[in-house]
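Here are my notes on the model you asked me to look over. Please read them with the coordinates open.

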Amino acid sequence: MSELLKVPTMAEFMAAGKQPEVLFWVGCAGSFDDRAKKITKAFVKLLNKANVEFAVLGTEESCTGDPAKRSGNEFLFQMQAVTNIEVMNAYEIKKIVTACPHCFNTIKNEYPELGGNYEVMHHTQFLKSLLAEGRLTIEGGQYKGKRITFHDPCYLGRANQVYEAPRDLIRKLDAELVEMKSCKSRGLCCGAGGAQMFKEPEKGNKDVNIERTEQALETKPQIIAAGCPFCNTMMTDGVKNKEKENDIAVMDIAELIANAQDL
Amino acid sequence: MDYLPQILFAIALVAGIGYFARNVKKLMRNIKLGRDVDVSDNKSQRWKNMTMIALGQSKMVKRPIAGLLHVIVYVGFVVINIEVLEIIIDGLTGKHRIFSSAGAIYGFLIGTFEILAVLVFVSVIVFWLRRNVIKLKRFLSSEMKGWPKSDGNMILYFEMVLMTLFLVMNATDLKFQAMDSGNIISQHITPWFSNFSGHSIHLIERTAWWLHILGILIFLNYLYFSKHLHILLAFPNTYYGKLTPKGQFENNEAVTKEVKMMMDPNVDPFAAPPEDAEAAVPAKFGASDVKDLSWVNLLNAYTCTECGRCTSECPANQTGKKLSPRKIMMDTRDRLEEVGKNIDANKGEFKDDGKQLLGDYITNEELWACTSCNACVEACPVSIDPLNIIMQMRQYLVMEQSAAPMELNNMMTNIENNGAPWPYNQMDRLNWKDE
């Protein structure tokens, strides 16, 4: 399986005197989290399929600093940012794609002031552009007619007004897209943002991911689609908590598309 | 001729407007206690936002019922106040209904005012029912007990009384009724007074007229002490609202300077600090009190009308956590008022009162419950940004007090040591490819 994946690094491109079309920023979750790694691989399969000349930073990549900044550690954030920017500028990176809305938001919005100016795309936007250019075709495959609800990641939706790219891709699967009562600009958070992912929640009467999962279950979905590795974790936990993991899958959009092509 | 009413009127007018102006000055001074930020950019977009959001109420109608009722009261308020102009001219000159010579146009205007007055009255009753009988959840939170609750009701009573006085004033104005133009509503009220003598009716008309204008002046001065300030501040607040994407949090410039210096190999660490070093290093990172916040944050606080849309959309609040974005704004205003009174009492100098926004008003528990999801920012109909205040206060907690929850400290140590929030080696970052 793994030999099928072509994952060149920036260093290799540099050594060959070439520049890739786009840098795939994998992110910490995509690199280390077992669930998120599957998303990373699914996206790479699609990039390979579409013959996209991409590269990763590999061991030269480091946390964007998002959880540090949102925890209040501005110093650590900026140290991370400046270090990453130095690496990317040395490679003369112009365009970045990432499957993590937190990395997406940070690099797109908070890096420019610190000297990092790139065109940054979320992987759903990038896949949509591949589709538009005819480099990738999507068939519904196993998802034809399935009820799919999409959970808007805060840092993709409200934070950056990207609501349609992931939905367009779901529609391309010939799936039945059903919306939760809070969606798009009023989408409810999964509970992981603002560094909550890394700590126990404060005292309350419910966990945020349970509340959100309940909203998702109201739509009677067969699949809950996500566009963020952290949302994915939170929603997966929520579905398990409701003992629905055998009926409802939580899947990233990239996984849905890759699976539909039997990649 | 008897000039007494005109003199009394002039005194009331000058006193009413004068006292209000005094408080506006105080308000501006308090807002300016905030840290300076440059919001002089992108004027055309700012005007557009103000026109759409404040003037056009575009975000109010996202919630259709409250939105529609609010639009009625808002339009009614703005339009009926045209009448105040006539009242003031009448009051100062001793004339009566000076614009009535405009004939049909006057009738049309007053007719419009009368219809709006009834619509406002009905809307305000519905608002009152929502707060006191239906008991919508967002009006019952713990921060809405006491003054905020009575403030909300008081405003509604004010409006009910003012609208009633306006209609009674018209109904008992027999000359106006005789014109039979524009008395669409009041003509149905006039018969209620048919048992009164002409003299009594005139007396009622004068009383209603006086109470109406005095009521307006009192209401004007009530604003400063009330959440109702939003009727004025919504305009500047939407103008100065955030223009960048909601996910973009500002980078702390003082930190940028330090980081750049650390990364610059040419910097001589033993060099004497430059002349302006004192000014360059901020007194503290982040915010623990209102003076550390930006003046836009403070304007936000005075603009908040405590509608609670932010809190009702907040994931932390919905799941029973202590955080309420509305309370963050109310606390900021309360503390700012306290600081302002302190300055007034000490001849223009703030005397340390041993209190601050953090701890005495807003607790760490509230701050750490935030998921930074921007739902509160999105929900606010007047572009208030509670998240910005929360983030500045977290910055203070972490950078000045190292008071982050232990798990977050572990996460940050991981980022520092191995470039990821988890304890994995950076050298293993590409291992997924071969797994």
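Predicted model: local features only at pLDDT ≥ 70, side-chain atom pairs only at ≥ 80, totals over all residues.

The points below start with the interface and end with the backbone.

1. Extent of the interface. Chain B brings 60 residues into contact with 73 residues of chain A. The buried area between chain B and chain A is about 5900 Å². Carbon and sulfur atoms give 61% of that area. Three residues deserve a look: B:Asn251, B:Arg429 and B:Trp432 supply 14% of the area that chain B buries against chain A.

2. The rule finds three salt bridges across the interface of chain B and chain A. In one of them, the side chain of B:Arg429 meets that of A:Glu61, at 3.0 Å from N to O.

3. Which parts of chain B touch chain A? Six helices can be listed: α10 (253-263), α14 (315-318), α17 (364-368), α18 (375-379), α19 (386-399) and α20 (406-418). Each supplies at least two residues of that side of chain B. By class, the side has 27 nonpolar, 15 polar and 18 charged residues.

4. Salt bridges overall. Over all chains, the structure holds 38. One lies within chain A, between A:Glu176 and A:Arg147, with the closest N and O atoms 3.1 Å apart. The pair links distant parts of the chain. A:Glu176 is in strand β6 (residues 176-178), A:Arg147 is in strand β5 (residues 147-150), and the two are 29 residues apart.

5. A nonpolar patch on chain B. B:Tyr3, B:Leu4, B:Ile7, B:Leu8 and B:Ile11 make a nonpolar surface patch of about 510 Å². One of these residues, B:Ile11, lies in helix α1 (residues 4-31) of chain B.

6. Positive phi. Most residues other than glycine have a negative phi. Where are the exceptions noted here? A:Glu92, with phi near 55 degrees, lies in the loop between α5 (74-90) and β3 (95-98) of chain A. B:Lys135 also has a phi near 55 degrees. B:Lys135 is in the loop between α5 (104-132) and α6 (147-171) of chain B.

Key. Residues numbered from 1 in each chain as written. Chains lettered and ligands numbered in written order. Heavy atoms only, no water. Patch = residues over 30% accessible without salt bridge, like charges linked within 9 Å, V, L, I, M, F, W, Y side chains within 5 Å. Areas by Shrake-Rupley, 256 points an atom, 1.4 Å probe, with all protein chains shown as cover. Salt bridge = Lys/Arg side-chain N within 4 Å of Asp/Glu carboxyl O. Helix = DSSP H or I, 4+ residues; strand = E, 2+ residues; numbered from the N terminus. Contact = heavy atoms within 4.5 Å. Buried area = accessible area lost by both parts, 1.4 Å probe. Nonpolar A, V, L, I, M, F, W, Y, C, P; charged D, E, K, R; others polar.
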